[in-house]
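Reader: Please take a close look at the aromatic ring pairs in this structure. I would like one connected account of the rings involved and their surroundings.

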Amino acid sequence: MFYAMMRPAEVSGLLRTGCTLPKQGWGLLIFGESSPAAGKDFTDDGQVHEHRGLKGRPRKAVRKVPIPPQLVTLLRAHIERFGAASDGRIFRSVNGARLQPSTYWQVWRKVRALSLTPEQLVTPLMKRPYDLRHSGVTWRLNCGIPAPEIAKWAGHSVEVLTRIYAKCVAGLDDVWISRMDSSLGNHPGNETGDRG
């Protein structure tokens with residue numbers, strides 16, 4: 001969820017055919033379906049998961065997200081060990097069913113307790129699995145990736161991205177000043193910008 005800015009419903013709907021996982025370098029994930037767990041009473045077919053297109057997009061729209069080598073390696077190892085379901089889904093339960101939110105919440109609570117210090121556990125830090133998606137967006141913003149590109153990868157509008165994440169790039173004045181200095185030719189010992 002962090003490396004690909006995935007929503008939980010996109011994780012449960014990720015297909016092997018939507019993964020480009022080279023042996024080295026960056027890969028690509030293509031999302032074409034989201035499968036939120038709405039509950040049997042709230043779906044047309046009586047199933048727990050609602051099968052629909054991506055959030056806020058036309059039914060046949062897809063979202064392409066470049067993924068770093070770290071996630072490529074993790075996904076390759078997962079697929080090698082567990083394979084994929086008969087319908088191509090990478091993540092599923094032991095019996096091949098779609099992942100339920102209650103299942104990944106149980107795992108999340110255990111992992112969070114093992115990963116964070118007691119002081120961190122009482123804070124909102126990584127409180128929900130969805131926080132990984134937010135952290136992934138924030139990471140890209142802090143890397144200086146243009147907001148329109150991140151919005152496209154995350155499946156947001158630029159307006160939503162800037163409204164939600166505007167405070168996430170605070171405290172980086174030194175980075176921005178350094179970049180502006182560099183573009184003006186201001187180097188240490190050459191504060192006037194003279195190139196000679």
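Author: What follows is an account of the aromatic pairs, with a short note on one helix at the end. The model is a predicted one. A search of the whole structure finds 2 aromatic pairs. One of them joins Phe2 and Tyr3, with 5.1 Å from centre to centre and 65 degrees between the planes. This pair is edge-to-face, because planes over 60 degrees apart count as such. Phe2 has a relative accessibility of 25% and therefore counts as partly exposed. Tyr3 is also partly exposed, with a relative accessible area of 25%.

Phe2 and Trp139 form an aromatic pair as well, with their centres 5.7 Å apart and an angle of 35 degrees between the planes. Phe2 belongs to the segment before helix H1 (8-13), whereas Trp139 sits in helix H5 (residues 130-142), so their pair ties together parts that are 137 residues apart in sequence. Trp139 has a relative accessible area of 30%, which means that Trp139 is partly exposed. Taken together, the ring pairs link Phe2, Tyr3 and Trp139 into a cluster.

Gly185 follows H8 and has a positive phi, near 80 degrees.

Definitions and conventions: Residues numbered from 1 in each chain as written. Predicted model: local features only at pLDDT ≥ 70, side-chain atom pairs only at ≥ 80, totals over all residues. Heavy atoms only, no water. Helix = DSSP H or I, 4+ residues; strand = E, 2+ residues; numbered from the N terminus. Phe/Tyr/Trp six-rings, centres within 6.5 Å; stacked < 30°, edge-to-face > 60°. Buried < 20%, exposed > 50% of the residue type's maximum accessible area, 1.4 Å probe, protein only.
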